[in-house]
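Student: Please take one part of this structure and go through it closely. After that, show me how other parts and the whole chain look, for someone who has not seen it before.

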Amino acid sequence: MSKAITNAMTVDVEDYFQVSAFAKHYPHSRWDSQPLRVEKNTQRLLSLFNKHQIKATFFTLSWVAERCPNLIKEIVAQGHELASHGHWHQRVSELSPQEFKQDLYRSKSILEQVSGVEVMGYRAPSFSIGDENFWAFEIIRELGFRYSSSTYPIKHDHYGVPQWPRFSYQVIDELIEIPVTTLKRYCKTWPIAGGGYFRLAPYQLSRWALKQFHLQEQRAAVFYVHPWELDPQQPRTCGVGYKTRFRHYLNLDKVEQRLGCLLTDFNWSTMKNVYQTDLQLIK
Ligand SMILES: [Zn+2]
């Protein structure tokens, strides 16, 4: 049953010091002096995907692309989809329309220049598009993207648009929004698509949730993972609160093995492949 549906596997390519929760601890001026671990960790994901013969979409920070051009070339050479995660990993909700446009333009240009391929997908850092910055979709379209995967229809203290659609839809003319997957169960909407939730729950629960989602909705799911989630040895950031520490460092030593199970138990491909029909129907 679950094997009959092909889901979208996505990676947000950023390093441990670039996550939104650590933004205060690592201002942009300090990024270049941090040991870069994203290249090695993304290689581990590439090996895992290669072993399971699956293709994925890599929403990549162009800041990383500037420093690791060979990694970007390898992602493309192995048949994966390259997409944008912005340049400076700033929440869109904290930017003016002009600042957002500059960041996104820069990101798309660098990624396309380094890779030599067209970038058609974008994911906002920390799923930071909502009612207050709906204008962002106009800018995403204007810059030539064809889809966005920037919303998470759940309640969360840092992001989430619980009232917004849960499945891919044309959000404005010529642009599709593809939300990250949630499960409706027990009168609630549950996040089941990766990140901290995948590290918190035992694998059996994640697998059950995804199977339930398929039974209920008969649709593809969108899953996401970060390269730093496969790196238990990453440097510990001092002075962060308990909640952030718990969320960021929990079960980092379990992700690679769990992801391997997930790749075995379900079918996966890129966003571009899974949503090919939606993208063709775009008006
Ligand atoms: Zn991110």
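Tutor: Tryptophan 208 has its place in helix 8, residues 203–217; helices (H or I, at least four residues) and strands (E, at least two) are DSSP runs, numbered from the N terminus. The model is a predicted one, where local features need pLDDT of at least 70 and side-chain atom pairs count only at pLDDT 80 or more, while totals for chains, interfaces and linings use all residues. Residue numbers start from 1 along each chain as its sequence is written.

Tryptophan 208 counts as partly exposed because it has 14 C-beta neighbours inside 10 Å. The scale behind that word is this: a residue is buried if 20 or more other C-beta atoms lie within 10 Å of its own, exposed if 12 or fewer, and partly exposed in between, with C-beta atoms placed from the backbone. From C-alpha to C-alpha, tryptophan 208 is 9.9 Å from isoleucine 192, and the two are 16 residues apart in sequence.

Helix 2 can be read in more detail. Its buried residues are Val38, Asn41, Thr42, Leu45 and Phe49. They lie on the same side of helix 2, because they cover an arc of only 100° around the axis; the arc is that of the directions from the helix axis to the C-beta atoms. The face turned away from this buried side carries the exposed residues Ser47 and Lys51. Strand 1 (6–13), helix 3 (62–67) and helix 4 (69–77) are among the elements that cover the buried residues of helix 2. The length of helix 2 agrees with expectation, because its 14 residues at 1.5 Å a residue should span 20 Å and its end C-alpha atoms are 20 Å apart. The expected span is 1.5 Å times one less than the number of residues.

Just after helix 2 comes glutamine 53, with a positive phi of about 55°. Most residues other than glycine have a negative phi. Glutamine 53 is in the loop between helix 2 (38–51) and strand 2 (57–60), and it counts as exposed because it has 8 C-beta neighbours inside 10 Å.

Strand 2 pairs with strand 3 in the parallel sense over four bridges; strands pair if DSSP finds at least two bridges between them.

Histidine 89 counts as buried, because 23 C-beta neighbours lie inside 10 Å.

Further along, strand 6 (residues 169–172) and strand 7 (residues 175–177) run antiparallel and are joined by three bridges. Glutamine 170 has isoleucine 176 in strand 7 as its bridge partner. The hairpin of these strands has two residues between them, and glutamate 174 there takes a positive phi near 65°.

Now the whole protein. Its secondary structure comes to 12 helices and 11 strands. Its radius of gyration is 17 Å, close to the 19 Å that the globule rule gives for 283 residues, so the protein is as compact as a globular protein of that length. The radius is taken over C-alpha atoms, and the rule is 2.2 Å times the number of residues to the power 0.38. Buried residues make up 42% of the 283 residues.

Definitions and conventions: Contact = placed C-beta atoms within 7 Å.
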